[in-house]
Amino acid sequence: MTATAPVARVFSSDNAAGASPEIVEAVVRAASGQAMPYGADDSTASVRRRLSDVFEREVDVLPVSTGSAANALSLAASTPPWGSVLCHRDSHINNDECGAPEFYTAGAKLVPLGGEDAKIDPGELRVAARHKAGDVHSVEPSVVSVTQATETGAVYTLDEIHTIGSIAREAGLRLHMDGARFAGAVASLGCAPADLTWRAGVDLLSLGATKNGTMTADAIVVFDRSLTAELAFRAKRAGQLASKMRFHAAQLDAYLTDGLWLRNATHAGAMAARLREGLKAVPEVALLGAADANIVFCRLPQWVTEGLLADGYAFYHDRWEPGVVRFVTSFATTPQDVDHLLRAVGRHAA
């Protein structure tokens, strides 16, 4: 008899998933033999070549250990301490990084803006990008940071990113993209990664690999290569220049081999779509927000939420407002996992 895989019950975050087998195997291979330290190894060079191919231009790459490090270091290289970072009020950098952007920028101010689906409203950005520019009594608008996909699971369209990029360029601001779920956005839009980044004016991208299959590796992709030297010093000073960089690089190299990064994201999105379709059939459930990436927001009756928690399911609930829950799928989520959750929702809602 074939053993049945246990049903996954953690839908709180795609960080709960493990690592793709290809990536684990790459780490094992990297553990044998010798390699030059501090990023002078062959795997790091391979990652740079692969990402240059993905983005259709020469890029520089700084492997780091976390997405928070990628975001904070990118912003630190993009603004002086007396500058400001224009971001959405619901962005990860504004709500979930314990002040890391302010710390690494030596005090630059995050200026939160509004907009539907956690996307920056262009009208608000136009005003903020010019607000008190050049006035020594105020912080200087310096960089815009967009989250792709957003914290609500929405995806900026190509036109929306180009609009944000145009506003940033006109005001002389840099543009950073927090790509924690960047692969999911590319999969959702079916576009060229270049069109979603540097062709739209993005200067720096936090790649977002850990939610999509790597173990302990993320990266800063540098399109404006005039920032590379400063980023390198900042990464070292922040403890992000790993001596055995080949272990970060081996993960990223496998992640980028044969389109694994895009396959993983496409699967995660398909599982979220399966979950949304199933939830539509439950009258007591109200779907909320956009349906672009691997995040599903909905409103559940309290007794359904309590029943799911009693069943051992893990998910965010009541964090945004009473009755609102968030389910997140991943590259490791199976159709059986989704169907099991849907049956549980239906059982408790009945």
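Visitor: Let's start with Glu 56: does it count as buried, exposed or partly exposed, and what is its relative accessibility?
Guide: This is a predicted model, so take the numbers as computed from it. Glu 56 sits in the loop between H2 and strand E1 (60-64). Buried would need under 20% and exposed over 50%, so Glu 56 counts as partly exposed, at a relative accessibility of 45%.

Visitor: In which loop is Asp 117 found?
Guide: Asp 117 is not a glycine, yet has a positive phi of about 55°. With a relative accessibility of 31%, Asp 117 counts as partly exposed. The loop in question runs between strand E3 (109-113) and helix H6 (122-130).

Visitor: Which residue does a cis peptide bond join to Ala 149?
Guide: Most peptide bonds are trans. Ala 149 lies in the loop between strand E4 (140-147) and helix H7 (158-170). The bond there has an omega of about 0°, which is cis, and the partner of Ala 149 is Gln 148.

Visitor: On to the pockets. What volume does the largest pocket have?
Guide: Rolling a probe the size of a water molecule over the atoms shows where empty space is left. The largest pocket is lined by 42 residues, and those nearest its centre are His 92, Asp 96, Glu 151, Arg 181 and Arg 326. Its volume is about 1,000 Å³.

Visitor: Which element gives the most to the lining of the largest pocket?
Guide: Those that give two or more residues are helix H3 (67-76), helix H4 (92-95), strand E9 (295-299) and strand E11 (324-328). By class, the lining splits into 12 nonpolar, 16 polar and 14 charged residues. With three residues, the top contributor is H3.

Visitor: At what relative accessibility does Ile 93 count as buried?
Guide: Ile 93 lies in helix H4. Not counting residues up to four places away in sequence, Ile 93 touches Asn 71, Leu 75, Val 85, Cys 87, Pro 101, Leu 110, Ser 145 and Asp 178. Buried needs a value under 20%, and Ile 93 is at 3%.

Visitor: How about the second largest pocket: which element gives the most to its lining?
Guide: About 250 Å³ of space lies in that one. Of its 17 lining residues, the closest to the centre are Ala 26, Arg 29, Ala 30, Ser 43 and Ala 250. Helix H1 (21-30), helix H2 (42-55) and helix H11 (246-256) each supply at least two. With five residues, the one that gives the most is H1.

Visitor: At what angle do H2 and H11 pack?
Guide: Two packed helices are described by the angle between their axes and the distance between the axes. H2 passes H11 in a left-handed crossing. The axes lie 8 Å apart, and the angle is about 35°.

Visitor: Which residues in H11 do those of H2 meet?
Guide: On the H2 side, the contact uses Ser 43, Thr 44, Ser 46, Val 47, Arg 50 and Leu 51. The contact divides into six nonpolar, three polar and three charged residues. On the H11 side, the residues are Arg 246, Ala 249, Ala 250, Leu 252, Asp 253 and Leu 256.

Visitor: Does His 248 count as buried or exposed?
Guide: His 248 also lies in helix H11. Its contacts, leaving out residues up to four places away in sequence, are Pro 63, Val 64, Ser 65, Thr 216, Ala 217 and Ala 242. At 13% relative accessibility, His 248 counts as buried.

Visitor: Last one: which residue with a positive phi follows H8?
Guide: Helix H8 (residues 182-189) has Phe 182, Ala 183, Gly 184, Ala 185 and Val 186 buried. Their cover includes H2, strand E5 (174-178), helix H9 (193-196), strand E6 (204-206), H11 and helix H12 (260-280). After H8, with phi near 65°, comes Gly 190.

How values were computed: Residues numbered from 1 in each chain as written. Predicted model: local features only at pLDDT ≥ 70, side-chain atom pairs only at ≥ 80, totals over all residues. Heavy atoms only, no water. 1 Å grid on protein atoms, 1.4 Å probe; cavity = no way out; pocket = protein on both sides within 12 Å on 5 of 7 lines; lining within 4 Å. Points joined across faces, edges and corners; volume = space filled by probe spheres on them. Helix = DSSP H or I, 4+ residues; strand = E, 2+ residues; numbered from the N terminus. Nonpolar A, V, L, I, M, F, W, Y, C, P; charged D, E, K, R; others polar. Axes fitted to C-alpha atoms, helices over the stretch in contact; angles between N-to-C directions. Left-handed = near helix turned anticlockwise from the far one by under 90°. Contact = heavy atoms within 4.5 Å. Buried < 20%, exposed > 50% of the residue type's maximum accessible area, 1.4 Å probe, protein only.
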